[in-house]
Amino acid sequence: MRFTLIAYFLLASTSVNAFAPSLSVGRCYGSSSLQSTVEAAVSPAEFNSKLEAQLAKLAAKDASSKISANDLKVVHEDEHIVVVDKPAGVLCVPSKNNDSSLSQAVFEKFGSESGRADKMVVHRLGMDTSGLVVFARTEAALRGMNTLFRTRAVTRAYEALVCGTMEETEGVINMPLMRDYEFPPYMRVSTEEHQRALIGLSVEDVGKKVLERPKESLTKFVVVGKEEMEGNAVTRVSLTSISGRTHQLNVHCAAYGHPIVGDKVYGINGEAAPNGGLKEGTSASRASVELQESIAAAVGDKSMCVHAKTISFEHPVTGDKLSFESAAPF
């Protein structure tokens, strides 16, 4: 069946150049639209079958999340906010099956003005990521923290170990991201080819998120040190997600050629597309397949090496400047 549509998700308000990976920080804006009568290159039936199977895997993983109020590592508490150090392997918020989560443990220990655990959540970390998380105890703190995050007035830095030796001492990775229709529900670097493959599809076919425009995504990295893991070269880096997209740090590191050590989704032989969806990593110093496999074997079932190390913001009620730091567990 043939479809005709204006590919608003392809080129609206953005030039075609925005689909291609880049190492520059500059933005490309334009104005164009595309008329097309091509067949959709994506099979809705195959997409939904893959998505259902992967969601079942994720649900099983979510069920392994275990934490209680007694397990909490509290970094800061006052009458309005709580800052805790989250361990890897724990959900920040409950899944659909109401699995054990950090937010519920915090609620049980500290309570909240609203009497609801979900009204304490102002941001979250992925299940496999450890590090600092802030919760609001009062309505005023909830409103204030939401405003701080919305206006990007919160400064956060992550520490990670990545595969291989990064030659560059610092830089900015600039690669737009999109939902990956080949490996749902994960993310990948957006390319013109993969955007064009979506032409002809509807929300009913694959859902809304897959058809969203590519998201401009910027990650700043600074090399902290060069190390070894069981004889394999790894690099310790500080990462700052300037744009804050879903799985951004993971996809960008993989696409750059230095996936995060222990990343079983975006790393070597992971659940998502290899190299962030690209043919190979873009860095000249990218880690070889052999090195990545050796590191994966050394890591085994251990946690992914990425940690939310620092967070700074003004107190949402008092206005005091706050800054917290947590040592990486790797």
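Ile-311 touches His-123, Leu-132, Val-134, Phe-149, Val-154, Thr-155, Arg-156, Leu-322, Ser-323 and Phe-324, leaving aside residues up to four places away in sequence; contact here means heavy atoms within 4.5 Å. The residue is placed in strand 12 (residues 306-314). Helices (H or I, at least four residues) and strands (E, at least two) are DSSP runs, numbered from the N terminus.

The model is a predicted one, in which local features need pLDDT of at least 70 and side-chain atom pairs count only at pLDDT 80 or more, while totals for chains, interfaces and linings use all residues. Residues are numbered from 1 along each chain as its sequence is written, and side-chain values use heavy atoms, with hydrogens and water left out.

Buried means under 20% relative accessible area, exposed over 50%, and partly exposed in between (1.4 Å probe, protein chains only).

| Residue | Relative accessible area | State |
|---|---|---|
| Ile-311 | 1% | buried |
| Ser-101 | 1% | buried |
| Ser-326 | 4% | buried |
| Val-265 | 14% | buried |

Ser-326 lies in the segment after strand 13 (321-325). Its side chain makes polar contacts with the side chains of Asp-85, at 2.5 Å, and of His-307, at 3.0 Å. A polar contact is a pair of N or O atoms within 3.5 Å; within protein, one must be able to donate a hydrogen and the other to accept it, and residues adjacent in sequence count only if both atoms are side-chain atoms. Beyond four places in sequence, Ser-326 touches Asp-85, Leu-132, His-307 and Lys-309.

Ser-101 is found in the loop between strand 4 (81-86) and helix 3 (102-110). A polar contact of 3.3 Å joins the side chains of Ser-101 and Ser-103. With residues up to four places away not counted, Ser-101 touches Ser-65, Ile-67, Leu-91, Cys-92, Val-93 and Pro-94.

The largest nonpolar core has 44 residues, and those with the most contacts inside it are Leu-102, Val-106, Phe-135, Leu-239 and Tyr-266. Helix 7 (residues 248-256) gives the most to this core, with six residues. Apart from this core lies another, of 16 residues, among them Ala-136, Phe-149, Phe-313 and Phe-324. A nonpolar core is a set of buried Ala, Val, Leu, Ile, Met, Phe, Trp, Tyr and Cys residues joined through side-chain atoms within 4.5 Å.

There is one cavity of 30 Å³ or more, and the largest cavity holds about 50 Å³ of space. On a 1 Å grid over the protein atoms alone, a cavity is a set of points where a 1.4 Å probe fits but cannot get out, and lining residues have an atom within 4 Å of a point. Lining the largest cavity are Val-162, Met-166, Ile-173, Phe-221, Val-237, Leu-239, Cys-253, Tyr-256 and His-258. Strand 11 (232-241) and helix 7 are the elements that give two or more residues to this lining.

Val-265 lies in the loop between helix 7 and helix 8 (289-299). The residue touches Tyr-186, Gly-270, Glu-271 and Ala-272, not counting residues up to four places away in sequence.

Technical notes:
On a 1 Å grid over the protein atoms alone, a cavity is a set of points where a 1.4 Å probe fits but cannot get out, and a pocket is an open set with protein on both sides within 12 Å along at least five of seven lines; lining residues have an atom within 4 Å of a point. Grid points are joined across faces, edges and corners, and a volume is the space filled by probe spheres set on the points.
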